[in-house]
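Here is a short note for a colleague opening this model. Please read the points with the structure in view.

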Amino acid sequence: AHERLSHPPTARVEPDQDYHQRAKNLPRNREDPRDASRSCCEWLKSYLLTTNDAYLPARSVISELMPHFEDIDGTFVKEFQTGGFDARLWELYLFAYLQEEKLWIDRNHVSPDFMVQKYGQSVAIEAVIVGRRTEYASPIIHKEPESPTPDEIANRNRDEVPILFGSPLYSKLQKKYWELEHVRNVPLVFAIADFHDDQSMLWTSTGLMNYLYGNRSDYHYDEDGKLVITSQKVNVHKVGTKTIPSGYFFQPDSENVSAVLFSAIGTISKFSRIGRQAGYEAPGVTMIRMGHRYNSDPNASMPKPFCYEVNEQCNETWGEGLSMFHNPNARFPVPRQLFPSIAHHQLESGQLTSTLPEFHPYGSYTWHLIAREERGHR
């Protein structure tokens with residue numbers, strides 16, 4: 001809605017340092033009763049957005065965006081209000097980000113979702129999500145969230161999470177968008193977000209990286225206290241009877257996918273914060289953001305915590321928190337100058353190297369604190 005920061009400074013990161021810091025971003029994970037349906041949960045999100053006063057900033061921003069957003073298949077509003085809330089919100093978030101980068105957006109084709117252009121160069125972008133799983137469906141009334149342990153996160157990122165990402169990414173690969181006339185000889189990007197569980201996007205990016213590059217890293221400190229990073233090749237991911245090959249960027253036809261775009265914070269909370277800093281304020285609501293960001297200390301394996309009140313002095317951008325993972329085998333690499341404000345990751349000599357904005361959050365929580373008057377006793 002209101003532009004704040006166009007081109008934040010970037011920092012060169014040592015190989016795989018970003019990998020380990022994002023793995024330390026430990027969220028709180030809510031209860032997971034198995035009797036609530038996926039569509040009910042998404043309908044509830046839409047209902048709360050339209051009726052809960054705390055979401056006034058998000059509603060206001062969405063109202064500003066929608067007149068400029070072309071509904072190319074005529075189903076956006078219906079799906080946004082029912083079982084497609086997560087997917088449609090992710091699509092709207094991408095639209096806001098692409099506008100912020102001052103890219104010319106072509107929505108004249110049903111697929112891919114966006115054709116963007118700047119400096120005479122074009123990129124095709126298709127949005128996709130890891131959908132909610134029934135067994136992880138959230139309850140109507142939330143209880144106090146519980147944190148998964150570091151061991152639980154590490155174990156799930158080894159195989160379970162790569163398989164979760166692999167399913168939608170493999171399905172998109174089978175669509176062969178690169179054969180469409182308007183996509184031929186153009187970089188193709190799959191933009192994916194994880195909504196399989198409440199707050200799961202905060203801790204699954206490590207599993208996505210493992211799957212994309214078929215490479216898992218580990219670290220230790222040597223006798224001099226220096227951070228040492230090692231990598232290990234991964235061939236397959238297996239959970240129960242389900243087995244998939246690792247290394248998405250090394251699978252047949254994957255050379256036609258130039259990069260994968262991911263964010264842990266392309267959620268309704270992003271819309272709320274952008275709205276609040278643009279001047280839309282819910283009466284009686286104080287908005288607090290807490291999370292973890294990249295730590296520029298070259299010897300750090302842990303990210304830095306941050307916490308601040310969201311108000312009109314803040315300058316969060318739509319692109320803040322976005323990461324683009326580049327395919328080392330891409331037929332048509334993505335021109336990075338088209339996406340200058342986000343993080344870029346690439347495989348170099350078997351290790352993942354990153355170029356990050358000065359402030360790059362791995363994930364965050366947004367708390368809405370509502371003041372209530374105490375009633376006197378008679």
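1. Start with α8. The buried residues of this helix are Ser205, Thr206, Gly207, Leu208, Met209, Asn210, Tyr211, Leu212 and Tyr213. Buried means under 20% relative accessible area, exposed over 50%, and partly exposed in between (1.4 Å probe, protein chains only). Helix α8 spans residues 205-213 and has 9 of its 9 residues buried, so it is largely enclosed by the rest of the structure. Just after α8 comes Gly214, with a positive phi of about 60 degrees. Helices (H or I, at least four residues) and strands (E, at least two) are DSSP runs, numbered from the N terminus.

2. A word on the basis. This is a predicted model: local features need pLDDT of at least 70, side-chain atom pairs count only at pLDDT 80 or more, and totals for chains, interfaces and linings use all residues. Residues are numbered from 1 along each chain as its sequence is written, and side-chain values use heavy atoms, leaving out hydrogens and water.

3. Next, the core. The largest nonpolar core has 75 residues. Within it, Trp90, Leu212, Phe271 and Phe339 touch the most other members. Helix α5 (residues 85-100) gives this core its largest share, 10 residues. A nonpolar core is a set of buried Ala, Val, Leu, Ile, Met, Phe, Trp, Tyr and Cys residues joined through side-chain atoms within 4.5 Å.

4. Look at Phe271. Neighbours within four places in sequence aside, its contacts include Pro57, Val61, Leu89, Tyr93 and Trp318. Contact means heavy atoms within 4.5 Å.

5. Now a hairpin. Strands β8 (residues 236-239) and β9 (residues 242-245) run antiparallel, joined by 4 bridges. Two strands pair if DSSP finds at least two bridges between them. His237 has Ile244 of β9 as its bridge partner. The hairpin leaves 2 residues between the strands, and Gly240 in the turn has a positive phi of about 60 degrees.

6. Last, the surface. Met290, Trp367 and Leu369 make a nonpolar patch of about 270 Å². Leu369 lies in β16 and is partly exposed, with a relative accessible area of 44%. Accessible areas come from the Shrake-Rupley method with a 1.4 Å probe; for residues, only the protein chains shown count as cover. Like charges are joined within 9 Å, nonpolar side chains (Val, Leu, Ile, Met, Phe, Trp, Tyr) within 5 Å.

How values were computed: Patch = residues over 30% accessible without salt bridge, like charges linked within 9 Å, V, L, I, M, F, W, Y side chains within 5 Å. Salt bridge = Lys/Arg side-chain N within 4 Å of Asp/Glu carboxyl O.
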